[in-house]
Amino acid sequence: MFDRTDENYVYEIVSKNIKKQRKLKGLTQEQLAEKMDVSIQMISNLEGGKKAIRPENLIKLCLALD
């Protein structure tokens, strides 16, 4: 279990929410990447909790997922 102040914990929570919302919208990782004009690898890294999202991509993500 992660300490709630640990950035890895934050990445884990955010990544789970991104994946959940993508699936609720019925999108594949590839479709979401296309809507955001980013690589599939970026979506995979986000959903895997491996990387933080840059502010400009966060805006694209919000728009793509409504």
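This report describes salt bridges in a predicted model.

Residues are numbered from 1 along each chain as its sequence is written. Because the model is predicted, local features need pLDDT of at least 70, side-chain atom pairs count only at pLDDT 80 or more, and totals for chains, interfaces and linings use all residues, while side-chain values use heavy atoms, with hydrogens and water left out.

The structure contains four salt bridges, a salt bridge being a side-chain nitrogen of Lys or Arg within 4 Å of a carboxyl oxygen of Asp or Glu. The table lists pairs from among them.

| Pair | Closest N and O atoms |
|---|---|
| Lys16 and Glu12 | 3.2 Å |
| Arg22 and Glu47 | 2.5 Å |
| Asp66 and Lys25 | 3.1 Å |

Helices are DSSP runs (H or I, at least four residues), numbered from the N terminus. Accessibility is given as relative accessible area: buried is under 20%, exposed is over 50%, and partly exposed is in between (1.4 Å probe, protein chains only).

Lys16 and Glu12 sit four residues apart in helix α1 (residues 7–24), about one turn of the helix. Lys16 is exposed at 51%, whereas Glu12 is partly exposed at 25%.

Arg22 forms a salt bridge with Glu47. Arg22 belongs to helix α1 and Glu47 to helix α3 (residues 40–47), so this pair ties together parts 25 residues apart in sequence. Arg22 and Glu47 are both buried.

Asp66 pairs with Lys25 in a salt bridge. This pair links distant parts of the chain, 41 residues apart: Asp66 is in the segment after α4 (55–64), and Lys25 is in the loop between α1 and α2 (29–36). Asp66 is exposed, with a relative accessible area of 76%; Lys25 is partly exposed, at 40%.

Technical notes: Helix = DSSP H or I, 4+ residues; strand = E, 2+ residues; numbered from the N terminus.
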